[in-house]
Amino acid sequence: MTRDARRAQLLELATELIIERGVDGFSTNELARRAGISNPLLFHYFPTRGDIVLEVVSATIEDLVEQVRPNPELSPIDQLKEGLSRYVAYVERTRNGYLSLVRGAAAADADLRAVVDSSRTRIAGYFVDSLTAAGIEVDAAMSLLVRGAVAFVEEIALHWVSSPQLDREDLVQLLRDSLLRSLPFSAEQLEALTTA
């Protein structure tokens with residue numbers, strides 16, 4: 001196996017392990033065992049456990065950000081609903097890994113925290129772009145509220161995945177409606193969001 005192919009295989013296996021067990025439960029011994037290689041050989045491809053985790057987290061968070069990228073063919077309201085649906089599905093699919101990133105000891109790691117925080121900023125940027133495209137001025141106050149909305153969605157989704165009391169479609173509708181009520185939109189702005 002070429003170096004690049006082996007490295008890709010190791011990252012794929014590490015991703016599976018982190019999704020299964022979370023960052024805290026990720027073991028390089030288990031990764032090496034699943035790959036059929038020795039631990040010293042594993043560290044030939046990655047200097048440290050932290051380097052493996054950072055690469056996996058960066059790739060999976062990039063995947064999340066791309067999955068929730070708005071479809072410009074849709075109205076801003078439909079973009080919001082589709083993005084929420086994709087976000088909740090991602091959190092559900094990667095439950096243990098995502099929970100450990102946001103709430104676990106991994107949240108204390110500065111490099112991992114920076115990757116996660118960057119994703120929040122980019123997701124908030126998608127929403128701001130949709131508002132701007134609908135002709136809604138996004139001032140500093142609205143920007144702060146949008147960033148808070150991202151945190152709100154994250155918290156609700158993480159709680160839901162740990163203790164689902166609604167089906168996914170009802171959760172997405174609840175999030176959508178809550179966001180629209182919590183942001184200071186006029187009746188005209190709400191109309192622009194549905195038609196833009």
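Reply: Ready. This is a predicted model.

Me: At roughly what angle do the axes of α7 and α8 cross?
Reply: Helix α7 covers residues 110-133 and helix α8 covers residues 140-162. Their axes come within 9 Å. The crossing angle is roughly 125°.

Me: Which word describes α7 relative to α8?
Reply: Angles from 65 to 115 degrees would count as roughly perpendicular, and those over 145 as roughly antiparallel. The axes cross at roughly 125°. Therefore α7 is, relative to α8, oblique.

Me: Which residues of α8 does α7 meet?
Reply: The α7 side has D117, R120, T121, I123, A124, F127, V128 and L131. On α8 they meet M142, V146, R147, V150 and E154.

Me: How many residues of the contact of α7 with α8 are nonpolar?
Reply: The contact of α7 with α8 has one polar residue and four charged ones. The nonpolar residues in this contact number eight.

Me: How are α4 and α7 oriented to each other, roughly parallel or roughly antiparallel?
Reply: The axes of α4 and α7 come within 10 Å and cross at roughly 10°. Angles under 35 degrees count as roughly parallel. So α4 and α7 are roughly parallel.

Me: Which residues of α7 make the contact with α4?
Reply: From α4 come V53, L54, V57, S58, I61, E62, L64, V65 and E66. The partners in α7 are D111, L112, V115, V116, S119, R122, I123 and Y126.

Me: How many residues of the contact of α4 with α7 are nonpolar?
Reply: Two residues of the contact of α4 with α7 are polar and four are charged. The nonpolar count is 11.

Me: How do α4 and α5 run, roughly parallel or roughly antiparallel?
Reply: Helix α4 spans residues 49-67, and helix α5 spans residues 76-93. Their axes come within 9 Å and cross at roughly 155°. Angles over 145 degrees count as roughly antiparallel. Therefore α4 and α5 are roughly antiparallel.

Me: Which residues of α5 make the contact with α4?
Reply: The crossing of α4 and α5 is right-handed. On α4 the contact is made by T60, I61, D63, L64 and Q67. On α5 it is made by R86, Y87, Y90 and R93.

Me: How many residues of the contact of α4 with α5 are charged?
Reply: Four residues of the contact of α4 with α5 are nonpolar and two are polar. The charged ones number three.

Me: Is Q79 buried or exposed?
Reply: Q79 has its place in helix α5. Its relative accessible area is 12%. Under 20% counts as buried, so Q79 is buried.

Me: What is the distance from the backbone oxygen of L74 to a polar atom of the side chain of Q79?
Reply: Beyond four places in sequence, Q79 is in contact with P70, N71, P72, L74 and S130. For L74, the backbone oxygen and a polar atom of the Q79 side chain are separated by 3.1 Å.

Me: Which residues does R176 touch, not counting those up to four places away in sequence?
Reply: R176 lies in helix α9. Its relative accessible area is 17%, so R176 is buried. R176 touches I77, L80, K81 and L84.

Me: Which residues is L180 in contact with, leaving aside neighbours within four places in sequence?
Reply: L180 is found in helix α9, residues 168-182. L180 is buried, with a relative accessible area of 13%. Its contacts are I77, L80, F185, L190 and L193.

Me: What separates the C-alpha atoms of G50 and L158?
Reply: G50 lies in helix α4. G50 is partly exposed, with a relative accessible area of 41%. G50 and L158 are 108 residues apart along the chain. Their C-alpha atoms are separated by 24 Å.

Me: Now the whole chain. How many helices are there in the protein?
Reply: The protein has zero strands. Along the sequence the pattern is α-α-α-α-α-α-α-α-α-α. The number of helices is 10.

Me: What share of the residues count as buried?
Reply: The C-alpha trace spans about 65 × 35 × 30 Å along its principal axes. The protein has 196 residues. The buried share is 42%.

Definitions and conventions:
Residues are numbered from 1 along each chain as its sequence is written. This is a predicted model: local features need pLDDT of at least 70, side-chain atom pairs count only at pLDDT 80 or more; totals for chains, interfaces and linings use all residues. Side-chain values use heavy atoms; hydrogens and water are left out. Helices (H or I, at least four residues) and strands (E, at least two) are DSSP runs, numbered from the N terminus. Buried means under 20% relative accessible area, exposed over 50%, partly exposed in between (1.4 Å probe, protein chains only). Contact means heavy atoms within 4.5 Å. Axes are lines fitted to C-alpha atoms, for helices over the stretch in contact, and angles run from 0 to 180 degrees between N-to-C directions. A crossing is left-handed if the near helix is turned anticlockwise from the far one by less than a right angle, and right-handed if clockwise. Ala, Val, Leu, Ile, Met, Phe, Trp, Tyr, Cys and Pro count as nonpolar, Asp, Glu, Lys and Arg as charged, and the others, Gly among them, as polar. A polar contact is a pair of N or O atoms within 3.5 Å; within protein, one must be able to donate a hydrogen and the other to accept it, and residues adjacent in sequence count only if both atoms are side-chain atoms.
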